[in-house]
Amino acid sequence: MQSEMMEVVLMRVSIPRHFTPVAALAAAGMLVLSNGAGAQGLAGDAEYGAFLAGECVTCHQESGDFDGIPPIVGWPVESFVHVMELYKDGTRENQVMRTIAARYGDEELAALAAYFAALRPGKAENPR
C-alpha cells in the first residue's frame, strides 16, 4: 500500500436482492478507491505511449542519459503520472512542461507512463 492517503468514496445505490454482495459492489461501483489522480488508476497502453512519446524524446533521451534534461526512462508509472499532473495543475514550475502536460488527458498520461516505465536506462536502443 502506498504511503499516500487514500480517499474512499461510497455511493448509495439500490441493488436487487438477488445480487451477491461482491457482485453488487462490482456492478454498482459502490466502493471506489482513489488517490485523486485519474490517470494513476488506468492501465496504460505502452504501444500508444510509444506513439505519443515522439515529442517527449526530443528532449528526454530514450537511452536515459542525462544531458541537462532529467531522464524519465524507467520511472515508476505512479511517479510519472504524479509529476505530469503537478505540471498540469501548475504546482510544478516549468512553462514548457506545463504546456505539454496540459495537452494530455488521463489515457494519454497513463500510456506515456507505461511506455517510459518499460524502458531501461542505459540500453543503447529502446524500441519505439
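## Basis of the description

Because the model is predicted, local features are taken only where pLDDT is at least 70 and side-chain atom pairs only at pLDDT 80 or more, whereas totals for chains, interfaces and linings use all residues. Residues are numbered from 1 along each chain as its sequence is written, and side-chain values rest on heavy atoms, with hydrogens and water left out.

## Overall architecture

The chain holds 5 helices and 2 strands, which are DSSP runs numbered from the N terminus (helices H or I, at least four residues; strands E, at least two). Along the sequence these elements follow the pattern β-α-β-α-α-α-α.

Of the 128 residues in the chain, 30% are buried, where buried means under 20% relative accessible area, exposed over 50% and partly exposed in between, with a 1.4 Å probe and protein chains only. The accessible surface comes to about 8500 Å², and carbon and sulfur atoms account for 57% of that surface; these areas come from the Shrake-Rupley method with a 1.4 Å probe, and for residues only the protein chains shown count as cover. Among contacts (heavy atoms within 4.5 Å) between residues at least 6 apart in sequence, 65% join residues at least 24 apart.

## The nonpolar core

The largest nonpolar core has 23 residues, of which Phe80, Met84, Tyr87, Tyr104, Leu112, Tyr115 and Phe116 touch the most other members. Two or more residues come from each of α2 (46–52), α3 (77–88), α4 (95–102) and α5 (106–118), and α5 gives the most, with 6 residues. Such a core is a set of buried Ala, Val, Leu, Ile, Met, Phe, Trp, Tyr and Cys residues joined through side-chain atoms within 4.5 Å. In soluble globular proteins, nonpolar side chains tend to be buried together.

Once neighbours within four places in sequence are set aside, Phe80 is in contact with Ile72, Trp75, Leu109, Leu112, Ala113 and Phe116.

## The largest pocket and His60

The largest pocket has a volume of about 370 Å³. Of its 19 lining residues, His60, Ile69, Pro70, Tyr87 and Met97 are the closest to its centre. The elements that give two or more residues to the lining are α3 and α4, with α3 giving the most, 4 residues. By residue class the lining divides into 14 nonpolar, 3 polar and 2 charged; here Ala, Val, Leu, Ile, Met, Phe, Trp, Tyr, Cys and Pro count as nonpolar, Asp, Glu, Lys and Arg as charged, and the others, Gly among them, as polar.

His60 is placed in the loop between α2 and α3 and counts as buried because its relative accessibility is 12%. Apart from neighbours within four places in sequence, His60 is in contact with Ile69, Pro70, Ile72 and Met97.

## Residues with greater accessibility

Asp65 is also found in the loop between α2 and α3, and its relative accessibility of 42% is why Asp65 counts as partly exposed. The C-alpha atoms of Asp65 and Gly122 are separated by 6.9 Å, although these residues are 57 apart along the chain. Gly90, in the loop between α3 and α4, counts as partly exposed at 28% relative accessibility.

Glu47 lies in helix α2 and, at 68% relative accessibility, counts as exposed. Glu47 and Leu112 are 65 residues apart in sequence, and their C-alpha atoms are 8.9 Å apart in space.

Note on methods: 1 Å grid on protein atoms, 1.4 Å probe; cavity = no way out; pocket = protein on both sides within 12 Å on 5 of 7 lines; lining within 4 Å. Points joined across faces, edges and corners; volume = space filled by probe spheres on them.
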